[in-house]
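Biologist: I would like to learn how to read a structure like this one. Please take me through it one feature at a time.

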Amino acid sequence: MTPKQQHAFDKSAFKISMVQHLTQLGHAPDTAQLRDWYLALGRALAEHTTSDLVATEHDQAIKQAKSVNYLSLEFLIGRLTGNNLISMGLYDAIADAVSELGLGLTDLLEQERDPSLGNGGLGRLAACFMDSLAAQQYPAVGYGLHYEYGLFRQSFHEGAQQEAPDAWREPEGYPWELVRPELSQIIGFYGHVEVVEEAGHTYRQWVPSLKIQAMPWDLPIVGYQSNTVYPLRLWEGRALTPFALDAFNAGDYTHAQQADIDAGNLTKVLYPNDNHDAGKTLRLMQQYFHSAASVADILRRHLEAGHALAALPEYETIQLNDTHPTIAIPELMRVLLDDYRLGWDEAWSIASRTFAYTNHTLLPEALETWSEALIARLLPRHMEIIFEINHRFMQEVEAKWPDDVAKKQVLSVIDDKGERMVRMANLCVVGSYAVNGVAALHSQLVKRDLFPEFDALYPGRIQNVTNGITPRRWLKFCNPDLSNLISEKIGEQWPAQLEQLEQIAQYADDTAFQKIFMDVKKRNKQRLAGWVKEHLDITLNTDAIFDVQIKRLHEYKRQHLNLLHVISLYQRLLNEPDFDMAPRVVFFAAKAAPGYELAKSIIYAINKVAETINNDPRVGDKLKVVFIPDYRVSMAEIIIPAADVSEQISMAGKEASGTGNMKMALNGALTIGTMDGANVEIREEVGDDNIYIFGLDVDGVSELRQKGYQPEAVYHSQPLLKAALDSLLDETFTPGQPGALRPVFDSVMGSGDPYLCLADFADYVRAHNDIDRDYRDASQWARKAILNTALVGKFSSDRSIRDYVNNIWQLEAIKR
Ligand code: NTF
């Protein structure tokens, strides 16, 4: 693909524009602060992306082509300015322009607050996918929510997590966003269903008693080296003006008020749960608001382009990012049945050929269910439609497996053991033409363990699309030195053709290249160490192994297994005179959901252990533990290029994919990991010698469970492990407060160790010893690191998107 000629750049005009924007913001060039200049820069650049956004929107070829609509409650986009500059091909030109104004571009970019509109991997994946859709010019619109507050900001008080609201928009507004009042929608809630008669037919009509305005804000998703700009359209909840007196008079308004909901707080804040369904009413309201506004906008675009309603599946596909937007399925049915008055069969034929669903988790606590009573109250018409979908589906099941009650029970959209609940994942599978998992192993488990009956009923519907990451943000932008080194060797095409990195493999044994490659790593480690010194006042040895675990805090991800290893290293340093180890810095970064007590206890324990080790003069710089607060995309951009070792240590079968594993491998880190998620495929790509696999695999986990697992027996048989665990109970890490870390001890001892930390401990230590040995052979280590960068081209999100396009969406790229 040859890059299209992008806009000619006029430096002096751009400087004038920046100063004009600065003036509009009420500042003068000689007194303006860096932040003011950053806002002016963002606004000046956004002029260009806005005009490309509008041009893309009006492009006839795109209107006549099929588009994908990516529906997600989360888009963890991170800072846009630096990345947009790279996509626009203007990074160097703008650096030059701002320097003539006496400014440094990197300082300006640092001023941007991350839009943290997501929790973790699921939201970041959505952002990478938007980037890859635009880069490859597959027509797309992203639909999300415009949260006033993103994921909370994390700090520590005496080691304990504190949460503060994340007001990501400056008081002046976020410079990249564009409000589109002409595209706003009205969304209903509550109320009742009426029967209307017209021309001898009866129809059902929902009369909501609460109405909220959905105001769209567009963020520009700029295609790499193209003029294509797609919208990420985020809906904001606003009170309707004028006040909806009719709804009030209809008498149901108090009902709505009881739920303590109003327009103002509908999109106030992102729910801070990762891999956990909290079941709150306001969350279902957010989901419906998002789905209904998005479906309405999709239909508007489709009809305005002159297409027939019946042709919807030929022009629009709707990808559901997990079950969070499932309610879009009955919503589209409602619109087709009640507003357009199609018959059921025709409406169902359209809807069920339009939706596709991605499953991102097997964890039972993350599989969403909503009480039938709640849906019936909040969305009475949708509940009727869900019943009808299920009724017809049960007939299909009966036809396939006559008189098989058990099959109906597992497949039914309604779970009627206990309080009747709607299983959103089942509704998704029934209403979608394709379902996919996010890594080969995960998709296999979706078929084998989660949905075996669906797989038998609809062979081929459940597929795999392995996740990916955008190489523009996660290599070119965040690791400029490595990017330049790669470009010197293999040219400039790799950010759009990541498989080309394979050509780097030929230099893996070249000692001169090894040295340059590891010098780059060293500079990235120095950059991170500088950050740590400045913000946490800890001095780091940059010759040490930088051992990194960065991800949400969750028991299944086993940060506490890592912690036990750290404690065992500490104890060996103190107690074994002959113990020698390569110096190590163990980095953690993780947010815990505010209501997740054990996760918070693990954070507290890591902080206390870190404090003790870092201040123990006997340890020197052999071992340091750093917990970087407030993990976010912009922090990941500093940590990932500096990692030597990437910790991917979930219990096998629990991490659907992981994507941090891909980012670190791409930046030359070696993975220590279980046979879980995408680790399995990373191993396939880089080879057994270039990854440290340990622990039980999926079969090993179930065999152990079957045999009967006794964590206490493991504890008593492994002195190193026992000593590490025991130290959590005394005052080693919490002077004057014995037992303060007991919740972590109890989570593995006495509660059955649900994620098998103790079972995997010994082999984890063995794998870390291998790392220690290999790291000391600098040339061998460099070889392995280079091969990681060279051999993970598969994990570009461009490839993921092409898989979706070819196997699911069936779209054509439209080159502009
Ligand atoms: C997450 N799922 C998985 O836990 C990760 O393994 C995966 O990499 C990402 O999705 C992206 O696919 C969720 O957050 C959720 F919501 F499904 F639980």
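**Reading the model, feature by feature**

Modeller: Start with a loop: Asn690 sits in the one between helix 28 (679-686) and strand 23 (692-693). Helices (H or I, at least four residues) and strands (E, at least two) are DSSP runs, numbered from the N terminus. Residues are numbered from 1 along each chain as its sequence is written. This is a predicted model, in which local features need pLDDT of at least 70 and side-chain atom pairs count only at pLDDT 80 or more, while totals for chains, interfaces and linings use all residues.

Biologist: Is Asn690 buried or exposed?

Modeller: A residue is buried if 20 or more other C-beta atoms lie within 10 Å of its own, exposed if 12 or fewer, and partly exposed in between, with C-beta atoms placed from the backbone. Asn690 is buried because it has 22 C-beta neighbours inside 10 Å.

Biologist: Which residues does Asn690 touch, leaving out those up to four places away in sequence?

Modeller: Contact means that the C-beta atoms of two residues, placed from the backbone, lie within 7 Å. By that rule Asn690 touches Leu670, Lys784, Leu787 and Asn788. As for Gly658, it is 32 residues from Asn690 in sequence, and their C-alpha atoms are 18 Å apart in space.

Biologist: Which residues of helix 28 are buried?

Modeller: They are Asn679, Val680, Glu681, Ile682, Glu685 and Val686. Since six of the eight residues are buried, helix 28 is largely enclosed by the rest of the structure. Its buried residues pack against helix 19 (440-450), strand 21 (645-648), helix 27 (660-666), strand 22 (670-673) and helix 34 (778-791). After helix 28 comes Gly687, with a positive phi near 90°.

Biologist: How do I read the sides of a helix?

Modeller: An α-helix has 3.6 residues a turn, so residues three or four places apart point the same way. Take helix 22 (residues 480-490), where Leu482, Ser483 and Ile486 are buried. They cover an arc of only 100° around the axis, so they are on the same side of helix 22. The arc is that of the directions from the helix axis to the C-beta atoms.

Biologist: Which exposed residues does helix 22 carry on the face turned away from its buried side?

Modeller: Asn484 and Glu488 are the exposed residues there. The buried residues pack against helix 21 (471-477) and helix 23 (511-536). Gly491, which follows helix 22, has a positive phi near 90°.

Biologist: What should I look for in phi?

Modeller: Most residues other than glycine have a negative phi. Asp322 has a positive phi, near 65°, and is not a glycine. Asp322 lies in the loop between strand 11 (316-321) and helix 13 (328-339), and is buried, with 26 C-beta neighbours inside 10 Å. Arg558, also not a glycine, has a positive phi of about 65°. The loop that holds Arg558 runs between strand 18 (545-550) and helix 24 (559-575). Arg558 is buried, because 26 other C-beta atoms lie within 10 Å.

Biologist: Why does Arg618 count as exposed?

Modeller: Arg618 has 9 C-beta neighbours inside 10 Å, so it counts as exposed. Its loop lies between helix 25 (597-614) and strand 20 (623-627).

Biologist: Into which domains is the protein divided?

Modeller: Domain bounds come from an automatic or database domain assignment. Here they give domain 1 (1-63 + 90-113), domain 2 (64-79 + 114-467 + 802-809) and domain 3 (471-795). The C-alpha centres of domain 1 and domain 3 are 38 Å apart.

Biologist: Which residues come nearest to the ligand?

Modeller: A residue is near a molecule if its C-beta atom, placed from the backbone, lies within 6 Å of it. Of the 18 residues around the ligand, Gly121, Leu122, His360, Thr361 and Ser657 come nearest. Domain 2 and domain 3 each supply at least three residues of the shell.

Biologist: How far can I trust the coordinates?

Modeller: Where pLDDT is low, the predicted coordinates should not be read in detail. pLDDT is the predictor's confidence in each residue, from 0 to 100. The protein averages 96, and 96% of the residues score at least 70. Over residues 256-260, pLDDT stays under 50. The model scores ipTM 0.99 and pTM 0.97.
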